[in-house]
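Open the structure in your viewer and keep the selection tool at hand. We will go from stop to stop, and at each one you select something and look around.

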Amino acid sequence: MPRITATSNAAQRAETQRRILTAFGELLFTHGLPGLTMTDVARHAGVGRTAVYNYYADMEQLLIAYALDETERFLGDLRSSLAELDNPVDRLALYVRAQVEDLSRRHLPPGPAMAAVLSPGSFAKLADHVSELNLLLEDILRDGVAAGYLPKADVPQLARLIHGTLSSSAARSSGTQHGGAAGDGQPAFEDRLTQTVRFIQLGAGARFDDGGTPLRFK
């Protein structure tokens, strides 16, 4: 029997963990969190129930691991995409679009619901990680003000208002995607997303020429 090296063993563990997290995310999407068990996750991942417990002691640990993993991957992809854009108003549009699409797809419980199912320590850990999104949005808004594309504003307050709008839009868009007639969901979702992007840009004070190009105030 060939000897398993540390490298291949680590790769196998990483693959198993990825299968568990992927299975958990798929079950969240199709069934939601209430009633979901570790046995359900193990069966969907195609691994033994004991294997799941080797990585996560309970559903809370699995939930926080999934949420942190998704947020970290989302942040990495979003930062890479934002780096390709120079205009802060365009970057705001990308941020809004990415957030609504991600929130509509992930089906994680909203903040208050997460607080109800997680221990204070776990919720604080997740909140610290998600705060990176707040800082990213605030940086975009500050760049917009500094470059003259957005008027002066209370940036932290504006960021909170934007995130509140995003959460509401994502909830409505999710229902449109999955609750409408066959073939109707995606166009309706895209229309709502486009409206949300422009609504937030205008709400932040952005101005555009007749061709839709952002204008400077000064």
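This tour of a predicted model visits a helix, its charged pairs and then the nonpolar cores.

**Stop 1: helix H4.** Select residues 59–82, which make up H4. This helix has 24 residues and reaches 34 Å from its first C-alpha to its last, close to the 34 Å expected at 1.5 Å a residue.

**Stop 2: a pair within H4.** Select Glu-70 and Arg-73. Their side chains meet in a salt bridge, 2.6 Å from N to O. Why are they separated by about one helical turn? Because they are 3 residues apart in helix H4. Is Glu-70 buried or exposed? Glu-70 is buried, with a relative accessible area of 10%, because buried means under 20%. Arg-73 counts as partly exposed, at 45%. With Glu-70 and Arg-73, they are linked in a network of salt bridges.

**Stop 3: from H4 to H7.** Select Arg-79 and Glu-132. These side chains also form a salt bridge, 3.4 Å from N to O. Glu-132 lies in helix H7 and Arg-79 in helix H4, so this pair ties together parts that are 53 residues apart in sequence. Both count as partly exposed: Glu-132 at 28% and Arg-79 at 41%.

**Stop 4: a pair within H7.** Select Glu-138 and Arg-142. Their closest N and O atoms are 3.4 Å apart, in a salt bridge. The two residues are 4 apart in helix H7, so about one helical turn separates them. Glu-138 is buried at 12%, whereas Arg-142 is partly exposed at 38%. In total, the model has 9 salt bridges.

**Stop 5: the largest nonpolar core.** Which residues touch the most other members of this core? Select Leu-78, Leu-92, Tyr-95, Leu-141 and Ile-162, out of 30 residues. H4, H5, H7, H8 and H9 each supply at least two residues. The largest share, 7 residues, comes from H5. Zoom in on Ile-162. Leaving aside neighbours within four places in sequence, Ile-162 is in contact with Leu-92, Leu-137, Leu-141 and Ile-200. Apart from this core lies another, of 27 residues, including Leu-21, Leu-63, Ile-64 and Leu-126.

**Last stop: Arg-91.** Select this residue in helix H5. Arg-91 is buried, with a relative accessible area of 15%. Beyond its neighbours within four places in sequence, Arg-91 is in contact with Leu-82, Leu-85, Asp-86, Ile-140 and Asp-143.

How values were computed
Residues numbered from 1 in each chain as written. Predicted model: local features only at pLDDT ≥ 70, side-chain atom pairs only at ≥ 80, totals over all residues. Heavy atoms only, no water. Core = buried A, V, L, I, M, F, W, Y, C linked by side-chain atoms within 4.5 Å. Buried < 20%, exposed > 50% of the residue type's maximum accessible area, 1.4 Å probe, protein only. Contact = heavy atoms within 4.5 Å. Expected span 1.5 Å × (residues − 1). Salt bridge = Lys/Arg side-chain N within 4 Å of Asp/Glu carboxyl O.
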